[in-house]
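These are my notebook entries on one protein model. I set down what I looked up, entry by entry.

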Amino acid sequence: TEFSSWLDKYPGSKLSVTGHTDLVGTPEFNRELGMKRALIVGKYLEEQGIGSSRMSTDSKGETQPLGGYITEEGRAMNRRTEVSIKMQ
C-alpha cells in the first residue's frame, strides 16, 4: 500500500487513525462509535502488513464535523475515519 511505502521510507513516521461521527446520539456513544470505526480501519491496515506499533487510534466523536448537521448529506460527511501520517 502507499502507507506501507511511506512508512518504509520514513521509519520515524506513524499512522494516525481517527474515527468521527455525526451529531446523532450522545457524546459518549459517539466517542465509542468513532473509536470502533478507527479500530476497524486499524485492523484492516494491519491485515495489509502495517504493524500495530506503527499506528495510533483515536476518536473525535462528533467534535470535528466536515459537513453540516441540517442535511443528510452533511451528516454523512461527518461519519468517517481519517488516516494521516505523523512524523516523529
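Is Asp22 buried or exposed? I find Asp22 buried, at a relative accessible area of 8%. I use buried for under 20% relative accessible area, exposed for over 50%, and partly exposed for what lies in between, with a 1.4 Å probe and protein chains only.

Entry on the source. I am working with a predicted model, in which local features need pLDDT of at least 70 and side-chain atom pairs count only at pLDDT 80 or more, while totals for chains, interfaces and linings use all residues. Residues are numbered from 1 along each chain as its sequence is written, and side-chain values use heavy atoms, with hydrogens and water left out.

Entry on the fold. I count three helices and three strands in the protein, taken as DSSP runs numbered from the N terminus (helices H or I, at least four residues; strands E, at least two). Their order from the N terminus is α-β-α-β-α-β. I note a C-alpha trace that spans about 45 × 20 × 20 Å along its principal axes. Buried residues make up 30% of the 88 in the protein. I also looked up contacts, meaning heavy atoms within 4.5 Å. Of those between residues at least 6 apart in sequence, 69% join residues at least 24 apart.

Entry on salt bridges. I searched the whole structure and recorded six salt bridges, each defined as a side-chain nitrogen of Lys or Arg within 4 Å of a carboxyl oxygen of Asp or Glu.

I began with Asp22, whose side chain meets that of Arg79 in a salt bridge at 2.7 Å, N to O. This pair links distant parts of the chain, 57 residues apart: Asp22 is in the loop between β1 (13-20) and α2 (27-47), and Arg79 is in the loop between α3 (72-78) and β3 (80-87). Whereas Asp22 is buried, Arg79 counts as partly exposed at 31% relative accessibility.

I then turned to helix α3, where Glu72 and Arg75 lie three residues apart, about one turn of the helix. Their salt bridge has its closest N and O atoms 3.1 Å apart. Salt bridges with shared partners join Asp22, Glu72, Arg75 and Arg79 into one network. Glu72 is partly exposed, at 41% relative accessibility.

In helix α2 I found Glu28 and Arg31, also three residues apart, about one turn of the helix. The closest N and O atoms of this salt bridge are 3.9 Å apart. Both partners are partly exposed, Glu28 at 46% relative accessibility and Arg31 at 45%.

Which residues make the nonpolar surface patch of about 270 Å²? I list Trp6, Ile85 and Met87. For such a patch, residues need over 30% relative accessible area and no salt bridge, and nonpolar side chains (Val, Leu, Ile, Met, Phe, Trp, Tyr) are joined within 5 Å; like charges are joined within 9 Å. Met87 belongs to strand β3 and is exposed, with a relative accessible area of 52%. The protein exposes about 5600 Å², of which carbon and sulfur atoms supply 57%; such areas come from the Shrake-Rupley method with a 1.4 Å probe, and for residues only the protein chains shown count as cover.

Entry on Leu7. I located Leu7 in helix α1 (residues 2-9), where it counts as buried at 4% relative accessibility. Leaving aside residues up to four places away in sequence, Leu7 touches Ser13, Lys14, Leu15, Ile50 and Arg54. I also noted Lys86, which is 79 residues from Leu7 in sequence and 10.0 Å from it in space, C-alpha to C-alpha.
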